[in-house]
Each structure stands twice: as C-alpha cells, then as structure tokens.
Amino acid sequence: MEPQPTAAHAIETVFRLESPRVVAGVARIVRDVGIAEELAQDALVAALERWPRDGVPDNPGAWLMATARHRAVDLVRRRETYARKLAEIGRDLGTTALPEEPADPDDIDDDLLRLVFTTCHPVLSPEARTALTLRLLGGLSTAEIARAHLVPEPTIAQRIVRAKRTLATRNVAFEVPYGPDREARLGSVLDVIYLIFNEGYAATAGDDLLRPGLCEDALRLARVLSSLMPKEPEVHGLTSFLEFQASRTAARTGPDGTPVLLRDQNRRRWNRMLIARGIRALDRADATATGAPGPYALQAAIAACHAHAYSYEETDWRTIATLYGLLAARSPSPVVELNRAVAVSMAEGPAAGLELVDALAAEPALRDYHLLPSVRGDLLARLGRAAEAREEFVRAASLARNEKERELLLGRAAECAS
C-alpha cells in the first residue's frame, strides 16, 4: 500500500530533520559513517512500511533512532569482531536494553560533534570533508550540496562515496581529537559548520527560504566548539557571526514565507538576546586574537555593524565596505567581492557598486549564481535603468532553485516592468 500523503510528508520531514542525529548516534556503535548512513536509511524504509499502517509515532525522531540503533546492535552481534567492538563500546549490549530515545540531549550533541570531526579528518580532501559532513550532518541531498559548492552534482556524489570508503579503509576513529590533531582539523570543521548554517539560513532548493533545524544544529555545534576551544579566536568569530545571523531569522520572512529584504525588515523582531550573545562572542574573539582578525571574526564584525544599526539608513556602510576589503584580502572569493560591491554601492552610490559587479561577470564560479544578476538588477534599478534591471531579475529567477527566492525575484522584475 502506498503511504498516505500526510504520513509520507511526515516521514520525509522527520527523516530530513533527524537523520544527522540518527547517523551520529549509530556511528558511535558501528564506528563506520558509511554503514551508519545505511542503517539510518534502513530505519527510513521501516518507517515507510509501518507509519502509514500504524500511524506516526508520538516521538518519530526517537522511533527512528531506536530502530537504527537496534539494527546497529544486530549488525555488531553478527560480526566476527563482536567481542572487540563490545569492549570499545564499554557496555554489554547483549544484556542492556537500548533506550527508546537518548536520556540526555547533550549526548546527541556530543555524537554530532564526533561526527563532524570524523568527517573532517585530514585523510580526506577539503572538498570531500565538506561534502560528506553536509550529507551526513546537514542531511542535504547531493544536488543541494552541489548547488552550495557551485560544482556539478556527479562530482559531489563521487566525493561522498570516496570519502566514506577512505574513512572505512583507514579505520578513522569516531572521536573528538585532542591536542595538535584537533587544531589541524579545526579550519575544515569551521567551514563545514558555516556551510550548514548557510543552507538553513537561505536554503538552496525547496519551497521554504529557511530550514531552521540546520541553523540550530550549526549554532549548537559552534557553541560547543567555543566551550571546547576557548583560546581559538576563529571559533569565537564563527560563533559570533552565527549568533548575529540567527538573530534576524524571525524578520527575514513574512507570514506566508515570502523573503523580506534586509532594508525592509522590522528590526524590532530581531532577537536581542542572540545579538547580545554575538557581541560577547566577538569580544572573546578579539580578546584571544594575537594577530590580524581571521575571516570569521571579520564576518562577525560586519554582522555587528548591521546589529548596531537601529534602521537600514543608519547602517555604517563605509565601515562594512572596509571590512569586506579586509576579508577579500584575507580570504579571496568572488562571493566576498560581490558582497563588497553591495556595501560600496551603499557607501559611494550604485554606479560605483555596478562597476565592481561588472568586473565579476566573467568569474566562472558565479556563472550560475543567482545573486550576481540579482545584485546587478538592484543596482540598475537604483540607477533608473528599469528595462535592464528587469532582464537581470528574470535571469536571477531562472537560476534560483528556491521557490520563495524565485517568487521574490519575479516580483521585482514585475515592479521594473511597471
């Protein structure tokens, strides 16, 4: 029997949200992230079979976790190396009943942290680390990861398969590293957390602009890292940046989910508690820094400029443009240059910004990036070149994968036409 639409929707939604926790929890048992993902998929198949018939459980996430963990235990029991695995786990799985859900939510967070450090192991290439962690921890599809990285989907699929195979063949431990090893792997971990948050903050595909669960997981991981590594300024910088970004969530969409541009947001809806946390984290980043600020501390400083402005008109765009210049020098990127162009347009006028944007037109990485024509359309509209602006907004809409963003861009194109 085919699942009823309501049950199918619940299964898809729950699995999307809970799969990172399920994979992380099971990986602690089987010590293999590839097998852990397969067992999580087995739990999904079981849900597809049972939930339409029996109804959605009161706690569907716990149901998926318990099902996957029981399958993991069965797998360990069947292995010839069961005795060794039993000693590693540190408890007698044969006599200890598995809880239906974790007794302490912090256990889930610890497992997620182990998972992100494992998938960011130096035996993997930087590209493979990011792709695998977004797949397992962020629950993203290969298409969404490809979109985030601006690379073809088959490339991402190959990276994920090879990464899981490498972790298994090299017997990479499922643990949070210590000492120099932790420091060596920190940069990749920060990049992955940043990308996960971004996917939740502005989803690359789907009907919704926001995926709050990803933002919450990324912010939680950043806070855990801050407590684990209190002397690392970039950890605090990333945490500060995510706190500031998360503070705007409630104001970024209207009642129907339509995106609200920064200039139109009701700043009274910005979360002042998260802004305060962002300020404190930025202070810690400054206090622990021994040299020039790193990329995440600079992005946090930019976000702080927005947070300190009580209105769009009061924003210190000259300081923001200067900070983007420092960021471009420290961490060169076409996307950073595009953001700098926006800030320059606000500080010096749209013509100055358009000159910078036009210089980016030949960048291969931005060829299918919808925000390039979107920004160009905005600058042309501000210059009174409505027909050209309309063409840019239409092109941006054709490149956007997110339905809400597409609607917004088409709406702006219609405004230019009228």
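**View 1. Helices H11 and H12 pack side by side in this predicted model.** Helix H11 (residues 233–246) packs against helix H12 (residues 272–288) at an angle of about 160°, and their axes are 8 Å apart. Angles over 145 degrees, on a scale from 0 to 180 between N-to-C directions, count as roughly antiparallel, so H11 and H12 are roughly antiparallel to each other. This is a predicted model, where local features need pLDDT of at least 70, side-chain atom pairs count only at pLDDT 80 or more, and totals for chains, interfaces and linings use all residues. Residues are numbered from 1 along each chain as its sequence is written, and side-chain values use heavy atoms, leaving out hydrogens and water.

**View 2. Residues meet where H11 touches H12.** Contact means heavy atoms within 4.5 Å. From H11, look for residues including His236, Phe244 and Ala246; among their partners in H12 are Leu274, Ile279 and Leu282. The contact of H11 with H12 divides into 9 nonpolar, 6 polar and 3 charged residues.

**View 3. Helices H14 and H15 form another pair.** The axes of H14 (residues 317–330) and H15 (residues 334–348) come within 8 Å and cross at roughly 155°. H14 and H15 are therefore roughly antiparallel to each other. Residues making the contact include Trp317 and Tyr324 of H14, along with Val336 and Met346 of H15. By class, this contact of H14 with H15 has 11 nonpolar, 2 polar and 4 charged residues.

**View 4. Step back to the protein that holds these helices.** Here you can find 19 helices and 0 strands. Of its 418 residues, 49% count as buried (under 20% relative accessible area, with a 1.4 Å probe and protein chains only).

Definitions and conventions: Helix = DSSP H or I, 4+ residues; strand = E, 2+ residues; numbered from the N terminus. Parallel < 35°, antiparallel > 145°, perpendicular 65-115°, else oblique. Nonpolar A, V, L, I, M, F, W, Y, C, P; charged D, E, K, R; others polar. Buried < 20%, exposed > 50% of the residue type's maximum accessible area, 1.4 Å probe, protein only.
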